[in-house]
Amino acid sequence: MPMNEENKEFRPLIVAFCCNWCSYAGADLAGSSRLSYPADVKIIRVPCSGRVNPMFILRAFERGADGVIICGCHPGDCHYSTGNYYARRRMALLFSMLEYMGIENGRTRVEWCSAAEGAKFSKTMNEFCEKVKSLGQNVRLGDLRCKN
Amino acid sequence: MTQLEKNIEAIKEMSGSDPYKCMRCGKCTASCPAYSEMDIKPHQFASYIIRGDFEELIESKAAWKCLSCFACIERCPRDVQPGKLVDATRQIVARSRGGDYLQPEEVPGLLAEDLPQQLLVSAFRRYRR
Amino acid sequence: MQELINRLKELLADGTVVRVIGWKKGDMPYNPEPAYFEKAEDFDNFVYDGFCGANLSKMMIEAAKLEGKTAVCLKPCDTYSFNQLIREHRVNRENTYIIGVGCRGKLDIEKARKAGIKGIKSVSGVDIEGDGDVTFDTIYGEKKMAYSDLMLDRCHVCKGKDHVIFDEVIGESKDTGDKDRFEDVIKIEKMTPEERFAFFKSELSKCIRCNACRNVCPACSCRKCVFDNTKFDSQQKANVDSFEEKMFHIIRAFHVAGRCTDCGECSRVCPEGIPLHLFNRKFIKDIDEFYGEFQAGKDPEAQSPLTDFTFDDLEPKDAVGRGE
Amino acid sequence: MQKIGVFVCHCGTNIAATVDVKKVVELVRYEPGVVFADDYMYMCSEAGQEKIIEAIKEYGLTGLVICSCSPRMHEKTFRACAEKAGLNPYMVEVANIREQCSWIHKDKEEATKKAVILARAAIAKVNLNAPLKEGESPVTKRALVIGGGIAGIQTALDIADAGYEVDIVEKEPSIGGRMSQFDKTFPTLDCASCILTPKMVEVNQHPNITLYTYSEVEKVSGYVGNFDVDIRKKARSIIFDKCTGCGECMTKCPLGKIGNIPSEFDRGLKNRPAIYMPFAQAVPAVPVIDRENCTYFKTGKCGVCSKLCPSKAIDYEQQDEIVTVKYGAIVVATGFDIINLDKFGEYAYNESPDVITSIELERLMNAAGPTGGHLERMSDHKQPKDIVFIQCVGSRCDSEEKGKPYCSKVCCMYTAKHAMLIKDHWPDTNITVFYIDVRTPGKNFDEFYRRAVEQYHVNYIKGQVGKVKPQPDGSLLVQAADLLDGKQINMKADMVVLAAAIEPNPGVRKIATMLTASIDNNNFLTEAHAKLRPVESPTAGIFLSGMAQGPKDIPETVSQAGAAAVKVIGLLAKDSLKTNPCTAQCDTLLCNGCSTCANVCPYGAITYDDVQVMDHGLRETRRVAQVNNALCQGCGACTSACPSGAMDLQGFSNRQITTEVDAICR
């Protein structure tokens, strides 16, 4: 699937978890401002970055995602006051563990993006896609059992 | 009113400037071309006066190193005009020595049209030391 | 050991407790098993020596629900696990009588095997009070090994000789630590990503998902593991690839991050000898570095780092690539 | 199995120009659960909605996926539409194929492919959706205000004026709080009691306000709209209704002259009798017997007050009384105190009576204060000539055991006020203020401070004082530095006034715990959102007023009090509260009772109860988590913290998100 037969260009599969209040709205603003980013990014709406269970991230990788990005409100701006603080700690530890196991750093990212930062959202997604593209297909975290 | 406050009143009258208004923003010192020569910086003139440290001002080099360029007067956001306080210091010294080299009636002839009058007076005080 | 047995019998006799959790002799001299003792005669089989490595604190989850008080023998490091269980309301302190037992390091029979000692008939010098070498009487003759050469890896990074919670302490303990706790983690961190991946792939490929690590872990105390419920669609499946248990092991370690006392039971019981503690210890090292030193189980009131935060916490992007 | 209808919107050309809408319809038609798929020009239009309603009825749809603009735009519209057709509104999911697809992609093939994937994810999710019902909980139309200072008074008055009943609980014998101790107020210098006393009287006389003075909140249970509060009315030893407030008892109490009981109100600068009112204008004007010091209570002898009371109002047998009242909303207005200065030995506060705190100075300058408003040294009762003020004593101090890391905010202004008031009365006083920064944001505040310098010639010196040394001659030697002139200063002073850091009232911690309202490291109550919800606690139904939330001056306190009142009125105006159905749920069979979820819940919505459960035929009592749906806001922090997966979030369940991930990665 990631390999396009005709031009052989690698297109990564990227899952973005966006919190409903800041980042998802930021993505909407990027849309209404027509600030493009690759179609490789697919957004899943969650109420808060604190809702993102590390198991969702590993699951995405197992299923063949090449990159996973979590977007939430800036620290101090969480709609639920503290959700992103917990997310920040969870992700810091999880990402460090993935790196420790030899998984490429660039495949995971956390970005704080407010509802007003459409431009930042688009820029972040462009950068992240580029990075994941340069890393190539996710082989190390994929799980054959999950392939159809 | 305390004795100090009375002394400061006198300086206010002499200089036409109110040292109490100084907020110590430092813009005068930042503007001063003679900065490196000044042992007491322009902004400190106000605080020295408020503190009553007149002797130190009179003994200072700074009072005589001031070029009377009036950049500080021009730029002061609080209208304290430190240059005038420097001038007042010179005046105190000058008065204590008594006597003037120039007669008052000679002065008008020496004035150029666009020269600030106070600059001239200040320069007189400076060079007659 | 006799002092311990006498005291335990006394506690049973005077009704302070109605049962004791300790160790009984196993089929081999080097594999004693955790066991319940309820009558004085049960103690004929009681043993407490250098091979009694098992952390009995987890057994108290169920034991403390039983009628009457239970005495449990805990080594200094086991008391940390017990404290952590108290913090998580998993164990009833009122129904527990903690005997802090002395410890001078626990032994790993694999170390003897690696040293070529086979056909063991009996072992001496492993008594809790002794301080000499260990002598193996084997079918090939007598073999000797220094006590510390035979110690479990975890005992070389001992947390100290003090029990953090107890009702009474019987016997002396020794701080057997002579190694940096994070030495192995740092060694892996210094490898290239490819080397790290290869290392973990080869280690985890041995995993047979027997769940021994999870079952023995005093922090892994869920009634039903998340890997056994249908909510995440994460139940066990047959392997097709050698690295497939990674999700299980990452999540296993993640779920105990900030709660793991580093007791080392996971690695001790792994039948495949996977150094599972390397996952847990990595989290501990990161937590120490990111959020300040934290020892789970030391203070039952302390907030776990993962349920806490500060405004200026490290950003995830700064948590990675630190070695570069 | 669900019967799902998929509706793909063209949004004019907004979507249709970049996404091949027809192709999307064709490709999702055979997804699991889909029984109907169609497209339309404007799905949100009247006609579009009509189409949806028809399809629901015709195909008996149990779930809807609308592929259109952002759910933030029209999710509500489509939910309402579903409800109209008799479908549960929470059976609707929106796939965002405009903002997150057609508007940002140019290649039609690529955009179409992505739209299909987004639709698939939404379909997969709807397959797992369950009907959700908004809960309803009634609202008790009565508010509780904890704290009777200016913050509490203003909040109570505003709520009462709107027609709701309010109770004020105040732990001191009188309302009035800190403000009643002050002499004058900045920046206008009007007298504090002149503006406060009328408000105190108004509170006392207001038909909608009930005062519980000398009372404390003992226990709080319930949740927004339905709090049950136990209030302990401490025994005053006075029969409230009989007392006329004549004050005879207080003047005759033998301990008034010989008792050495320091007056709390006068910060220990004066003594009071054992039966006392904190101050003359106390509201209610009913004294209280301090049982710890009263001779009758200590020895059983005396009884002077009882004998002399003309209305026989003294009752030594009175007991504490606990009343339970129901409230819909609670306002915390517990105010502040100043920090203990024991750790600041360098300022000799405990050594010399002439080193005082600003609040003591307020009393010394107050005409009703211990000196009748005459400023004098407590050591020799002489009028001080040289006064030094030290700012930031314990404020902006990073050493936790000594002070507080924050700026106390009001000190710069009250110090300027004190300096001016002193210079006004005694112009020949020399006043020096040592400061780190002078901070005067606020209307007419900087002008006020400049007046102290320019008109009153108060000497401001930048630099913290290092040491205050009491001298044998009774004066104080102040050692400091003038940082701007780079000089060390040793000056003599007759009096030193310390601007001690303020801190939240120490009792607030207990109250916050009872209310499950969160507090920060400095014990200030946390607001629900620092910018957008500054007077609400994250715990629903709890509101914040005054210094309890953070340092602030009187005008700010009054505005915040009004704001909190409006929020309370807004809540009480409702007959019932609709609760968000997307709340966390605990699977009691999976729950370990470990409290991890409760530790991360910002709303205190999770409690633990011992519950009888039946697990594999075994009946057991277990400690398990319970979610209060009225408090839970649905953030899901608990679900990611829960190791066993017992906590799940309705509407965003673990399985739903997992299945979305799977659909996207398919």
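Modeller: Begin with contact: two residues are in contact if their C-beta atoms, placed from the backbone, lie within 7 Å. The model here is predicted, so local features need pLDDT of at least 70 and side-chain atom pairs count only at pLDDT 80 or more, while totals for chains, interfaces and linings use all residues. Residues are numbered from 1 along each chain as its sequence is written, and chains are lettered from A and ligands numbered from 1 in the order in which they are written.

Biologist: Which chains share the most contacts?

Modeller: Four pairs of chains are in contact, and chains A and D share the most contacts among them. By contrast, no contact joins chain B and chain C, whose closest C-alpha atoms are 32 Å apart. Chain A and chain B have no contact either, with 33 Å between their closest C-alpha atoms.

Biologist: How many residues does the contact take from chain A and from chain D?

Modeller: Chain A gives 36 residues and chain D gives 38. To place them we need elements: helices (H or I, at least four residues) and strands (E, at least two) are DSSP runs, numbered from the N terminus. On the side of chain A that touches chain D, at least two residues each come from helix 1 (23–32), strand 2 (41–46), helix 2 (54–62) and helix 3 of chain A. Helix 1 of chain A gives the most, with six residues.

Biologist: How do the residues of that side of chain A divide by class?

Modeller: For the classes, Ala, Val, Leu, Ile, Met, Phe, Trp, Tyr, Cys and Pro count as nonpolar, Asp, Glu, Lys and Arg as charged, and the others, Gly among them, as polar. The side of chain A that touches chain D has 19 nonpolar, ten polar and seven charged residues.

Biologist: And how many residues does the contact of chain D with chain C take from each?

Modeller: That contact takes 17 residues from chain D and 15 from chain C. On the chain D side, helix 17 (596–600) and helix 19 (654–665) are the elements that give two or more residues. The residues of this side are five nonpolar, nine polar and three charged.

Biologist: Next, the packing of helices. How are two packed helices described?

Modeller: By the angle between their axes and the distance between the axes. Axes are lines fitted to C-alpha atoms, for helices over the stretch in contact, and angles run from 0 to 180 degrees between N-to-C directions. Helix 3 (residues 83–100) of chain A packs on helix 10 (residues 277–291) of chain C at about 130°, with the axes 10 Å apart. Helix 3 of chain A is therefore oblique to helix 10 of chain C: angles under 35 degrees count as roughly parallel, over 145 as roughly antiparallel, 65 to 115 as roughly perpendicular and the rest as oblique.

Biologist: Which residues of the two helices make the contact?

Modeller: Helix 3 of chain A uses Ala92(A), Leu93(A), Ser96(A), Met97(A) and Tyr100(A), and helix 10 of chain C uses Lys282(C), Phe283(C), Asp286(C) and Phe290(C). By class they are six nonpolar, one polar and two charged.

Biologist: Is the crossing of helix 3 of chain A and helix 10 of chain C left-handed or right-handed?

Modeller: A crossing is left-handed if the near helix is turned anticlockwise from the far one by less than a right angle, and right-handed if clockwise. This crossing is right-handed. A left-handed case is helix 3 of chain B with helix 7 of chain B. The axes of helix 3 (residues 42–51) and helix 7 (residues 82–97) of chain B come within 8 Å and cross at roughly 60°. Pro42(B), His43(B), Phe45(B), Ala46(B) and Ile49(B) of helix 3 of chain B meet Pro82(B), Leu85(B) and Val86(B) of helix 7 of chain B. Seven of these residues are nonpolar, one is polar and none is charged.

Biologist: What does the domain assignment of chain C give?

Modeller: Domain bounds come from an automatic or database domain assignment. For chain C these are domain 1 (1–106 + 157–179) and domain 2 (181–324). The centres of the two domains, taken over C-alpha atoms, are 26 Å apart. In their contact, 18 residues of domain 1 of chain C meet 14 residues of domain 2 of chain C. Helix 3 (residues 76–87) of chain C gives the most to the domain 1 side, with nine residues.

Biologist: Last, where is Pro187(D)?

Modeller: Pro187(D) lies in the loop between strand 8 (184–185) and strand 9 (190–191) of chain D. The peptide bond from Phe186(D) to Pro187(D) is cis, with omega near -5°. Leu189(D) is in the loop between strand 8 and strand 9 of chain D as well, and has a positive phi of about 60° although it is not a glycine.
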